[in-house]
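Welcome! Take a moment to look over the structure shown here, and then read on for a short tour of it.

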Amino acid sequence: MPRRDDLKTIMVLGSGPIKIGQAAEFDFSGSQAVQALREDGYEVILVNSNPATIQNDPEMADIIYIEPLIPDTIRRIMEIEQPCALLAGMGGQTALNIASELAHDGSLERLGVELIGSDLDAIDKAEDRELFNQVCESIGLPISEAIACNSMDQVLAAADEIGSWPILIRPAFTLGGLGGGTAWDLGQLVEIATLGLRNSRISQVLIEESILGWQELEYEVMRDGADNATIVCTMENIDPMGVHTGESTVVAPLQSFSDADHQILRDQALRLIRALNIKGGCNVQFAFNQFTGETRVIEVNPRVSRSSALASKATGYPIARLAAKIAVGYTLDELPNPITGDGTTAAFEPTLDYCVVKIPRWPFDKFRTADRTLGTSMKSTGEVMAIGRNFEEAFLKAWASLEQGCAHPRPLTRADESEGDGMAERALSELPDSTLVEWCRVATDRRMGALIEAFRRSWSVEKVHEITRITRWFLYRFENIAQTERAITNTHATPAELTREQLKAWKSLGFSDAHIADALAGFPAAGPKSLQPGFNEEAVMKRRHSLGLHPRYRMVDSCAAEFAAKTPYYYSTYEIDDDVGVDLLPNLEERTKERLVTVGSGPIRIGQGIEFDYGCVHAVKAIRAAGKDAVLINNNPETVSTDFDTSDRLYFEPLTLEYVSEVLLREQAQGILLQFGGQTAINLALPLNERLPLLKSKGLDLSMMGTSCDAIDEASDRERFEAFAKRIGLKMPRGATGTSSDDVRAAVEQIGFPVLIRPSYVLGGRGMEILANQQQVDAYLSEAYLAPDKPLLVDEYLGHATEIDVDAAADGEDVLVGAIMEHLEEAGIHSGDSTCFIPAQNIPESMLNRIEEQTKAIGIGLKIKGCYNIQFAIQGDKLYTLEVNPRSSRTVPFVAKATGLPMARIAANITIGIPLSQQTIPQRTSGQVCVKAPVFPFIKLRGLDPAPGPEMKSTGEVYGSDVSADVAYLKARIATEVPVASEGGAYLTVRNDDKENLVPIAQNLVDLGFTVYATPGTCDVLRSHNIPATVAYRIADKNHPDALDLMREGKVSFIVNVPTVSGGAVRDGNMMRRLAVELNIPFVTTLRGASMEVAAMKVALAGPLEPRRLTVHY
Amino acid sequence: MGVRFRPKLMSEVSFSSGSFCPGSNRRGVSNPPSFFDAADALANGEEIPLGAQGSGVLLTADGGRYTGTLFGAKTHGEGELVFTTGMMGYQESLTDPSFAGQVLTFTYPLIGNYGIHKGASESAAVWPRGVVVRHAMSQPDHRFSIGTVDELLRSHGVPGIENIDTRSITKRVRELGTVLCVFGPVEDEAMLNARLKVLVSPDLEDLVDEVSISDPVVLNPGALDDLDRPLPRLGALDCGIKYNILRNLCEHFEVVWCPPETQFSMLSEQYEIDALFCSNGPGDPAHPGKATAARDTLAAAVRAGMPVMGICLGHQLMGLASGLQTYKMRYGHRGANQPVVDLVTGTVAITSQNHGFAVADPEAGMLAAHPSGASSPLGENLHGAEVRVRYINANDRTVEGLDIVDHPSFTVQFHPEACPGPHDAAPLFGRFRSIVDEHLGGGF
């Protein structure tokens, strides 16, 4: 069937902010879908609340709304735009839920909007557990015994009926399994089910038999309207059942399954997608008992998912693109396979000639207090993928891609238990066996490393299998890694003595040069960086190069080389000696275009999100537009940057010096762009610069494009930057550096409390705290990791200062100031966690001019070429420069959408040699206020204090814009998915010196009809201003009612809680905020935030919001 | 070492009393014969000869040279170098008689992950004359595993070579077409080179003779349906038949498993068959040996108006019997992901395939042909009925199946019995049974 001509305009929904369980994969799928629809001539209306995505860039869709993804807003946009159809399967659970709601309430029918892709019936059958189970039973598919419950009574009855523990609790209609878990007793059952019922959109949880320890696997299925169905990819989780698939380390294709096993599951998956009548992509999860061969269908996602993004990248088969085509009527066999081009169709099952490993990226390196246990709800923020010709290679490459601690596995020591005082000493004693057993048994982020450690200690595969229930096939592979490490150590050779055969064998198992050097040295406690010249990574690399051993590059072509593929999508491997005829680039002489490499930003993590992928995609586009060859290196399977047709050539590789260097050599690249891939890329600048002479000897004539290494160093090195600041007359907070506890204490004394303390060169303010007294200093130092090469920075903390973010681009001559953003929160809250406004709302013109002047002075003075970001603080009439980041920033996409200035593109153009004067720069827009607001993962991460502070905690952001700041703020707030209170009680607790300033806020709340609750002291102040207030005791008073009582009783719908001092967890506030998170009660932790929130409430009560096209002001 | 590979003949395979017993589980069948499964040697704990080890070299007729590590039997490998893209099902492929005469390369790099399973073979032997893999996995893990790929090869005298860049081989074969190759120990390289120079295409051998049985046998004598009525009787011409075809046929018919040269008159008169089936098999369908004998039997059956089904080689033989040409394909279709369009229903099935020859399309001709241009001579229609192309490959549009117009007969190039591969086409066996029932007058 050809495309449908009766549809003219199609609305596509995005998935909103990046959050745990819903990350960049929907930017990728949405972007692919929009592109697929537009090339077929449809007009596309895209709605997403996330300003950081590529998909809602003005050029991506015909009409864009950056508005809250809630049914009311979508309904209103439909009224305005009158689309013919709605494609909801590209925006994750968020979009699917909206579509489901609008279909059920009759809105779609009333507005004449057809739901394309999977229809409502299919969605309902897949999403409603009871309906789903009925479908499975009707076609004879085994499901685990499960009972849908809508109340706690039903839950208890269901547990009785199942009769054996543990019991699995799974909420219906949530994302990332939020609120699910495994209960081993009645207490846990009640606790988990309570949360589950609350989090489920239809207040339903499923009580199931436990199939813990079974293997878990996934099938990605495509089906078209003519009932053609194919399996795109099979995936096997290393972690057995009990760990959410998004939290599992996953391998594609299946490894430990026979063809007979696979065909049974394949048949079941196809039967299911047909019975559900799904049109497009869908994902079926199975449990498999490897001892009996029994299977259970776990669930189906009737839409593209994180797994389908992984499947797309693992196979090269563009699932989202084809799902969009199917939605408008095409059948698979009439669509060409975009990978292999003419001669093959999309009615095809990809076959791989490599092994793919995905490892999730967890935020536990930042959130050291959070519970690391992995279970049925997600905690990871992102993931990495790596490809190899064997499992070991793919796994070790994935490990290197994680950028979490060391780039290869190392023997575990007591230093791995926790950071802080005595780490260096603890690194000398190995992790106790008893702890190792626990680390193997309980799934956490440490588990894979623990498995390898177990085999280092010569534990048997059987023993580890007993402990973990992990399939032996994987354990043999981990054992092989440990044995290979030992073999390397036992050579007792120096790198220069290694033979070609040895190196080749180890490299083909994925051992990096650093890993080999480390193993040769017997894994010294001081770490691989402590190795001396001649023994270190570089020595191994030199030996390798002298033996002519370089990786070969293989193509990801979906067909195991059966057909000549067009996709320039590669991975490295070490196999043959000569370049005989495999996946070569066009001959160098034919590559007349200049080759420029852009380094991506790796996995989505807190502090380095999708914004950097946005920058990379724009850099690549700019390079291509300039007629040059754009080469991209990245390892994140969720992103647009790793889509097969984003760049001229894509390398799916770890972003380490070794892998990047080899790609540079292979490409004979002329330039490299490091300023778009966040801290990951910029951190490569100095090491790569040092290695350039070596690479030059291999014939590489590379220039680092854009800002020079020296300038990067000058901006990042504290002492150099202070000198620079002094030279050009910038004011900075007083600061000092310490490499030992004594140093740090002296620095604190010299500066005086409160101080802002943080490790140098960090991402997202990891380990950054405000310390107000000696006690807190001691506590901080006991946990901090201090070493001569890892100093701590101590700064004067500027109280009550307004923080400003500036994004700018400079070319050496001119500076373009993109936007001056004012933060709602005071300086001290991490800029990534702040709510910020374009244009600045409360800054006098004269100050704005000074900011602009200083921005220009910094850009010219540091000889920035490309983009940079500056954080300023304004205290009274003093302007402080806090820091300069000589790279693309988190706010670049926000600035682009708010002002119409494509900052990333402009900066990329500068980087590749097109100065500002030669670029067409759009006029910056005005007349509207744009707000960016953070979205936090508190609900997912227990044990984490839900208060913004100097360490970044948010995972994503949303956007709101309107002519009035209050309305813009309200839109952004609604988009955060935390409710905006409209009635009920407000609980207020603030610092003593804020109590007077609280008065107008309290007055407003009373005017809006709120009951005001406050601690006795605050009540006194409020009452003295004739504001009625009810006393609620402080929790520490052990008197009732306290705040927690009021919250549990549902009397509180809004909380203002300004922590006395941020930093070390203040127990009262922490407990209250924690409970607020669990009960989904909005709270603010600053007075300015409170004022803004109250203003928003007023707007919300005034009437419905009117959505606006993004480009209305361009 | 240094021993040349000698093709095995079906007649030499220890054959009866094994774990393959397709007639069991059928109503009305007592004491059905059983046959050897290639994995039985491992299952029975028979002693396995020591294997090859050390560096090996693989040479291709067009000048390619690959170094690797030897495994499997201590003998040279030689034959036509082909590749299969299936990611699983290596045991089924290794024991598929259609690979006789060939050196089989697996594109999936990890072969042997789940071991060798009892009763999961497709014949009594391992048929390729050499096996090329990236990694021969030596630590399999599966509840059914009874041994490794290495052990299976050793027990059947088939050599293997690993640590080979199989993608490079695949690309070479894709670009140049299938080529002849030899492999063995590095120190034998001169000898291997000399052998390669005189090696001739296995297509010239009567491969069908090598892989087929020599005496007819009824697999499920007295088989009854659920209502205790006798099943229709089917003659299954064995050109190298896969066990799972026999299993499938036994579900629907009382099956007479016959040698390829069995005359139609004998089948109809002595065995009183109601329908005829012709199996898959190795080599050139136009080979004048037993393939041609089977072709003539097929033609006679169509002439007689008897229902006929053919798979793979059986389909190609039907093409020849219908006056169509067959030709050698550039590199054939071998794998578990070949999309086939049914031109009648317009739907696509993902199919299992393993063939290097094809039937020329009456209109489009010889698509995806081998550079050698090898094809059968123009022939006559031996049965007189019109044929129509029913299935085509969605990728290269080659012929994937024929309907004999106004006759209860059809043939397919792909493998509805799967093993390895998807079951999308499995209903074809049931379809054939319905055709037979209809032909016999609505059942009996």
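## Where the two chains meet

Chain A and chain B bury about 4,400 Å² between them, and 47% of that lies on carbon and sulfur atoms. Buried area here is the accessible area (1.4 Å probe) that two parts lose on being put together, summed over both. On the chain A side, A:D259, A:R389 and A:E562 lose the most area to chain B, together 16% of what that side buries. The contact (heavy atoms within 4.5 Å) draws on 61 residues from chain A and 47 residues from chain B.

This is a predicted model, in which local features need pLDDT of at least 70 and side-chain atom pairs count only at pLDDT 80 or more, while totals for chains, interfaces and linings use all residues. Residues are numbered from 1 along each chain as its sequence is written, chains are lettered from A and ligands numbered from 1 in the order in which they are written, and side-chain values use heavy atoms, with hydrogens and water left out.

## Pairs across the interface

Between chain A and chain B there are 8 salt bridges, each a side-chain nitrogen of Lys or Arg within 4 Å of a carboxyl oxygen of Asp or Glu. The side chains of A:R472 and B:D141 meet in a salt bridge, at 3.9 Å from N to O.

Which elements of chain A supply at least two residues each to the side that touches chain B? They are strand 11 (229–237), helix 9 (259–275), strand 16 (341–345), helix 17 (472–490) and strand 19 (552–555). Helices (H or I, at least four residues) and strands (E, at least two) are DSSP runs, numbered from the N terminus. Helix 9 of chain A gives the most, with 7 residues.

## Two crossing helices in chain A

The axes of helix 12 (residues 391–401) and helix 17 of chain A come within 10 Å and cross at roughly 70°. Axes are lines fitted to C-alpha atoms, for helices over the stretch in contact, and angles run from 0 to 180 degrees between N-to-C directions. Helix 12 and helix 17 of chain A are therefore roughly perpendicular to each other, a label for angles of 65 to 115 degrees. Among the residues making this contact are A:F391 and A:F395 of helix 12 and A:W473 and A:F474 of helix 17.

## Backbone details

Most residues other than glycine have a negative phi, and most peptide bonds are trans. A cis peptide bond joins A:F753 and A:P754, with omega about -10°. In chain B, the peptide bond from B:C419 to B:P420 is cis, with omega near 0°. A:K863, a residue other than glycine, has a positive phi near 55°.

How values were computed:
Parallel < 35°, antiparallel > 145°, perpendicular 65-115°, else oblique.
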